[in-house]
Amino acid sequence: WKLTPSVSYPGGNESTAAETSTGSLLMNARNQSGDVKARILAFTSDAGESWSEVQVAHNLPDPVCEGSMLDYQTPGGRSVLLFANLNSQSKREKLTVRVSLDDGRNWSAGREIYAGSAAYSDLVVQADGQIGLLYEKDNYTKINYARFSYDWLTK
């Protein structure tokens with residue numbers, strides 16, 4: 001790892017990155033600046049030597065909280081991105097997992113995993129191909145693990 005030049009958008013932190021179907025990387029970050037309650041995204045096709053201009057992802061609302069993203073091979077062999085965060089601009093609630101079929105340019109409305117208060121989360125792919133999600137819930141008093149199939153997520 002090495003530090004690359006910073007991008008021209010203040011306030012990005014608690015980033016998560018995933019490889020796209022083309023081999024580029026997508027950086028998905030919490031927007032700490034407070035101007036817009038949505039995630040910010042940047043792409044690199046040269047392993048981080050340079051980054052695209054940062055974009056505000058208005059289709060990924062966020063109340064300023066960490067999120068989790070990973071690349072996933074569907075049962076049919078398609079490469080997609082999965083992203084988990086809180087589907088709210090005002091509260092840490094409504095933990096939702098979304099799918100992008102086009103390397104993070106567009107995202108599904110998603111499937112709500114937990115409607116109540118929630119916070120940090122981490123997506124994983126289990127050995128059996130199921131998707132796992134570890135997350136904080138109920139005002140930080142519990143840590144929960146959910147598992148589900150891609151088919152359930154996209155129905």
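Which residues does Ile 113 touch, not counting residues up to four places away in sequence? The close-up views below, taken from a predicted model, begin with the answer.

**View 1. The neighbours of Ile 113.** Leaving aside residues up to four places away in sequence, Ile 113 touches Leu 95, Thr 96, Val 97, Leu 133, Tyr 135, Ala 146, Phe 148 and Trp 152.

**View 2. The largest nonpolar core.** Let's step back to the core, which has 21 residues. Those touching the most other members are Leu 82, Val 97, Ile 113, Leu 123, Ile 131 and Leu 133. Two or more residues come from each of strands S5 (68–73), S6 (79–86), S7 (93–100), S8 (111–125), S9 (131–137) and S10 (142–148), and from helix H1 (150–154). There is also a second, separate core of ten residues, including Ala 18, Leu 26, Phe 43 and Trp 107.

View 3. The model holds four aromatic pairs. In one of them, Tyr 114 and Tyr 135 are tilted, at 6.1 Å centre to centre and 40 degrees between the planes. This pair links distant parts of the chain, with Tyr 114 in strand S8 and Tyr 135 in strand S9, 21 residues apart. Tyr 135 counts as buried because its relative accessibility is 3%.

View 4. Phe 148 is buried, at 5% relative accessible area, whereas Trp 152 is partly exposed, at 33%. Over the ring of Trp 152 sits the charged end of Arg 111, 3.9 Å from the ring's centre.

**View 5. Arg 105 over Phe 43.** Here the charged end of Arg 105 sits over the ring of Phe 43, 5.0 Å from its centre.

Notes. Residues numbered from 1 in each chain as written. Predicted model: local features only at pLDDT ≥ 70, side-chain atom pairs only at ≥ 80, totals over all residues. Heavy atoms only, no water. Core = buried A, V, L, I, M, F, W, Y, C linked by side-chain atoms within 4.5 Å. Buried < 20%, exposed > 50% of the residue type's maximum accessible area, 1.4 Å probe, protein only. Helix = DSSP H or I, 4+ residues; strand = E, 2+ residues; numbered from the N terminus. Contact = heavy atoms within 4.5 Å. Phe/Tyr/Trp six-rings, centres within 6.5 Å; stacked < 30°, edge-to-face > 60°. Lys NZ or Arg CZ within 6 Å of the ring centre and 35° of its normal.
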